[in-house]
Amino acid sequence: DLEQYDEAVDYVAKAVNIRDGLAKSNPEAFSVDLASSQNNLANILSKLGRNEEAVNAAQAAIVIRKVLVEKDPELFSDALASSYHDLAESFFQLNRD
């Protein structure tokens, strides 16, 4: 149901905003959660056909996860790979429009 996805976007966007503020003050503690929220936002936006926004959110997750991979490749490489996959899906959907 698209109405539920619209509601989910609002909640995930709130989570992104909160975690963004937390990550700015303490990136070590909150960057992982911020990247996850950005990635979740990208996936929900993609389901709604809001593909440009989905691409932007996926790219934001990738920026964060690249930094995390530099610090601990073994721990964060899989999450980065997932974000690249989600970005590719978003680009695919964007080009279908």
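These questions and answers walk through the helices, core, salt bridges and a loop of one predicted model.

This is a predicted model, where local features need pLDDT of at least 70, side-chain atom pairs count only at pLDDT 80 or more, and totals for chains, interfaces and linings use all residues. Residues are numbered from 1 along each chain as its sequence is written, and side-chain values use heavy atoms, with hydrogens and water left out.

Q: Which residues does Leu-41 touch, not counting residues up to four places away in sequence?
A: Leu-41 is named, with Val-9 and Leu-45, among the residues with the most contacts inside the largest nonpolar core. Contact means heavy atoms within 4.5 Å. By that rule, and with the sequence neighbours set aside, Leu-41 touches Val-9, Val-12, Ala-13, Val-16 and Ala-57.

Q: Are H2 and H3 roughly parallel or roughly antiparallel to each other?
A: The axes of H2 and H3 come within 8 Å and cross at roughly 155°; axes are lines fitted to C-alpha atoms, for helices over the stretch in contact, and angles run from 0 to 180 degrees between N-to-C directions. Angles under 35 degrees count as roughly parallel, over 145 as roughly antiparallel, 65 to 115 as roughly perpendicular and the rest as oblique. H2 and H3 are therefore roughly antiparallel.

Q: Are H2 and H4 roughly parallel or roughly antiparallel to each other?
A: H2 and H4 have axes 10 Å apart and pack at an angle of about 25°. Their contact is made by Val-32, Asn-39, Asn-43 and Ser-46 of H2 and Phe-76, Ser-83, Asp-86, Ser-90 and Gln-93 of H4. From the angle, H2 and H4 are therefore roughly parallel.

Q: Is Ser-90 buried or exposed?
A: Ser-90 lies in helix H4, which covers residues 73–96. Beyond its neighbours within four places in sequence, Ser-90 is in contact with Ser-46, Asn-51, Ala-54 and Val-55. Buried means under 20% relative accessible area, exposed over 50%, and partly exposed in between, using a 1.4 Å probe and protein chains only. Because its relative accessibility is 2%, Ser-90 counts as buried.

Q: Which residue forms a salt bridge with Lys-71?
A: A salt bridge is a side-chain nitrogen of Lys or Arg within 4 Å of a carboxyl oxygen of Asp or Glu, and the structure holds three of them. In the one with Lys-71, the closest N and O atoms are 2.8 Å apart. This pair links distant parts of the chain, 43 residues apart, with Lys-71 in helix H3 and its partner in helix H2. That partner is Glu-28.

Q: Why are Asp-20 and Lys-24 separated by about one helical turn?
A: Asp-20 and Lys-24 form a salt bridge, and their closest N and O atoms are 3.1 Å apart. Asp-20 is partly exposed at 28% relative accessibility, while Lys-24 is exposed at 65%. The separation is about one helical turn because, in helix H1, Asp-20 and Lys-24 are four residues apart.

Q: What distance separates the side chains of Glu-53 and Arg-50, N to O, in their salt bridge?
A: Glu-53 counts as partly exposed, with 38% relative accessibility. Arg-50 is also partly exposed, at 30%. Their side chains meet in a salt bridge with an N to O distance of 2.8 Å.

Q: How many Å separate the C-alpha atoms of Gly-49 and Gln-93?
A: Gly-49 is found in the loop between H2 and H3. With a relative accessible area of 41%, Gly-49 is partly exposed. Gly-49 and Gln-93 are 44 residues apart along the chain, and their C-alpha atoms are separated by 7.7 Å.

Methods: Helix = DSSP H or I, 4+ residues; strand = E, 2+ residues; numbered from the N terminus. Core = buried A, V, L, I, M, F, W, Y, C linked by side-chain atoms within 4.5 Å.
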